[in-house]
Amino acid sequence: MGDLSELATLASKHMETWLFYLVALITVPFAFGVLLDRNIIRAGFLLIGVFGGISALFLLLQAQFLAMAQLMIYAVGITLVVVIALMLTNPRMEEDKSPSIPAQKAPAALVGTLLFIALYMAILSEGWGNNSEALSPDNITIIGYSLLTHYALPFEFASILLLIALVGAVMLAKHDHFNSKADIDEIEEETKEISERNEHVVKV
Amino acid sequence: MTSSAVPYNLNEIGKFFLLSGVWLGIIFGAVWAACWAVGMLVPQLILNAYPNDPCALNVANAIRLLTPLVGVMVFIPINAMYMVLAERRGLALFTVRKGPNRVGPDGFLQTAADAVKLLFKENINPHGGDVLMFTLAPIIFFAPSVFGAIPLLAAVTSNHDLFKIVNLPTGIFYVLAMSSIPVVGIVMGGWASNNKYSLVGGLRSAAQAISYEIPLVLAIITTCFLVGSLDVVNIAQMQKGTDNLASFGFLNWNFFGAGAIPHYLDLLMQGKLEGAQVVTSAFWSLALAFCCILLCGIYLTGACAEINRIPFDLPEAESELVSGYNTEYSGIRFAIFFLAEFTNLFIVSTVAVVMWFGGGATPFPGFLDANTFASIATPFNQALAQAGLPPLMDGQTMSGAFWAIFKTYALVYFAILVRGTLPRFRIDQLLDFGWKKLIPLSLILLLAVTYIRELV
């Protein structure tokens with residue numbers, strides 16, 4: 001009987017490497033697409049492929065919970081917010097045909113290279129805690145315990161950060177039309193004008 | 001109302017039941033036969049043809065692993081056909097009409113004919129639209145619902161050997177993650193159509209899905225928290241009632257406070273409660289049951305909004321947006337959207353059944369349970385055994401599947417009833433209701449359940 005444990009033994013180290021390259025082969029073109037597509041909304045949709053690929057990598061590392069969270073939050077939630085923001089700010093949905101400014105190219109290349117070197121060195125560095133022991137099947141329980149005991153403080157800080165962002169967004173979005181006297185006067189004038197016009201129309 | 005109206009409608013209700021019975025028989029006969037063929041018959045034939053061959057064993061096992069996928073693939077198209085027909089006939093019942101009644105005997109084949117018609121229609125790409133995205137959108141809308149449904153198979157078949165593999169430790173979280181993807185398909189289709197109505201439909205769908213996903217997930221999390229597991233098979237099995245009072249039949253479902261009420265009744269009958277305890281304990285048990293019923297209600301409301309059904313079908317509000325995000329679609333792409341919509345309705349109902357209504361457990365102990373179905377299955381299995389074939393069914397799985405289907409369709413009919421009853425929300429009312437009522441309510445319930453379950 002094909003059981004999960006049997007499958008796990010089947011998926012040897014070798015197979016994992018092959019799968020990794022397969023996922024990379026799918027994900028990297030998506031990432032390039034996000035950068036190179038001139039149609040900015042399509043680039044936004046391509047992000048789904050990138051995030052989906054990353055979630056597949058998490059699955060390969062047997063981090064099921066992270067993979068699902070990645071899919072739910074990044075591949076769907078974040079991408080949708082990005083795409084909708086793009087649609088609202090670029091309502092004509094035209095391709096961006098303006099030529100890129102040459103003065104920006106050199107600093108952009110510099111920052112990109114520096115970032116790449118920093119990430120590369122971080123990946124090569126020691127201290128990733130490589131251990132080959134098998135993960136327990138209920139690692140969700142372990143994640144839960146550590147989030148609420150050892151990492152309780154960062155966890156709480158993350159929630160406070162989100163709360164601040166939420167309150168800030170509400171404050172920015174809240175258009176208080178009637179908070180200043182000038183506004184009220186303006187509106188009164190407008191209504192007066194409109195009513196006069198209406199009277200005129202009625203007379204005619 | 002004339003005096004002849006009542007018997008006329010009774011007649012129609014009878015026809016509706018007959019139609020449901022026939023179609024459900026077709027659906028589950030086909031699915032059962034396909035699963036049996038792929039999971040039992042073909043592997044056995046391979047093993048008989050090449051005994052003692054390790055390669056044949058591997059092939060047979062690989063085919064066996066495909067059973068859940070084949071089951072779902074056979075199930076989805078036939079099920080959608082039935083559900084569309086049931087919805088049209090059901091709505092006709094509520095509005096005292098006849099509904100589709102021409103194609104085939106009494107309209108039984110209406111949706112089959114519709115499906116064939118849709119498949120042969122021309123695919124039209126809108127002028128100025130993004131063809132690639134336009135084609136991908138229905139697929140992104142449909143595919144996740146297929147994969148998302150698979151873990152539920154293990155829960156509703158009492159963890160049958162063939163379906164064990166699809167049971168994940170992240171269970172319900174996986175289902176939720178998968179069922180959140182289709183919104184992307186709607187937004188994509190709406191944008192790629194190069195049509196204002198479609199775009200507005202897509203944007204509405206995104207706003208709606210994001211706001212209603214929060215109460216929906218909170219309701220499920222609270223229930224998981226009460227049960228102490230994310231594993232769908234675990235959750236379903238924990239609700240299985242027995243015939244002793246401490247976990248009696250349907251009272252043991254999560255819908256009635258995850259066993260709080262039968263536990264209280266048991267303590268009361270045994271006389272273990274004294275004085276004021278009788279009242280306080282009853283109060284807390286009832287409070288927990290009330291919280292659970294509210295959670296189930298929040299889930300069903302959120303699910304209705306997630307899958308764009310009336311009263312939350314703003315993405316395709318035909319009085320304002322022609323047909324919303326699928327205005328430009330025709331032919332098989334439109335059929336896929338349609339298929340996915342009904343499949344999603346079925347899946348959210350199944351999730352509700354697994355989370356709150358006991359999965360495949362019988363509501364009354366001893367009523368149509370594993371033993372009854374085992375006695376039905378025996379003659380079939382004996383006949384097959386004489387022909388040298390593997391057994392067709394076992395009582396445990398049969399009873400699980402029967403009850404899960406029964407409960408799921410009960411919820412589907414409830415959704416049809418809601419569709420026939422409620423008017424459509426306005427978009428601002430919809431967002432107000434989601435953010436200002438449902439989310440606070442679900443947060444309060446999370447807190448309340450945390451404390452009450454300690455007091456019960």
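**Close-up views of a predicted two-chain model**

**View 1. B:S281 sits in helix α11 (residues 277-306) of chain B.** Is B:S281 buried or exposed? With a relative accessibility of 14%, B:S281 counts as buried, because the cut-off for buried is under 20%. Leaving aside residues up to four places away in sequence, B:S281 touches B:Y264 and B:L273.

**View 2. The largest nonpolar core has 128 residues.** Which members touch the most others? They are A:F45, B:I220, B:Y299, B:V351, B:W356 and B:Y409. Both domain 1 (1-120) and domain 2 (127-455) of chain B give residues to this core, so the core lies between these two domains.

**View 3. Here we zoom in on B:I220, one of the core residues that touch the most other members.** Its partners are B:I172, B:L176, B:Y299, B:V351, B:M355 and B:W356, when residues up to four places away in sequence are not counted.

**View 4. Helix α13 of chain B covers residues 331-356.** From first C-alpha to last, the 26 residues of α13(B) reach 38 Å, close to the 38 Å expected at 1.5 Å a residue. How many of the residues in α13(B) are buried? The count is 21 of 26, and the helix is mostly covered. Just after α13(B) comes B:G358, with a positive phi of about 80°.

**View 5. Helix α4 of chain A covers residues 64-89.** At 1.5 Å a residue, its 26 residues should span 38 Å; the end C-alpha atoms are 36 Å apart, which agrees. Where is the kink in α4(A) centred? Look for A:Q70, where the bend is about 25°.

**View 6. Chain A has eight helices and zero strands.** Starting at the N terminus, its elements run α-α-α-α-α-α-α-α. Of its 204 residues, 16% count as buried. Among contacts in chain A between residues at least 6 apart in sequence, 50% join residues at least 24 apart.

**View 7. Confidence in chain B has a mean pLDDT of 83.** In this chain, 98% of residues reach 70 or more. Where is confidence in chain B lowest, and where is it highest? Helix α12 (residues 318-321) is lowest, at a mean of 75, while helix α16 (residues 427-455) is highest, at 88. Where pLDDT is low, the predicted coordinates should not be read in detail.

Technical notes:
Residues numbered from 1 in each chain as written. Chains lettered and ligands numbered in written order. Predicted model: local features only at pLDDT ≥ 70, side-chain atom pairs only at ≥ 80, totals over all residues. Heavy atoms only, no water. Core = buried A, V, L, I, M, F, W, Y, C linked by side-chain atoms within 4.5 Å. Buried < 20%, exposed > 50% of the residue type's maximum accessible area, 1.4 Å probe, protein only. Domains from an automatic or database assignment. Contact = heavy atoms within 4.5 Å. Helix = DSSP H or I, 4+ residues; strand = E, 2+ residues; numbered from the N terminus. Expected span 1.5 Å × (residues − 1). Bend = angle between axes of the 7 residues up to and from the residue. pLDDT = per-residue confidence, 0-100.
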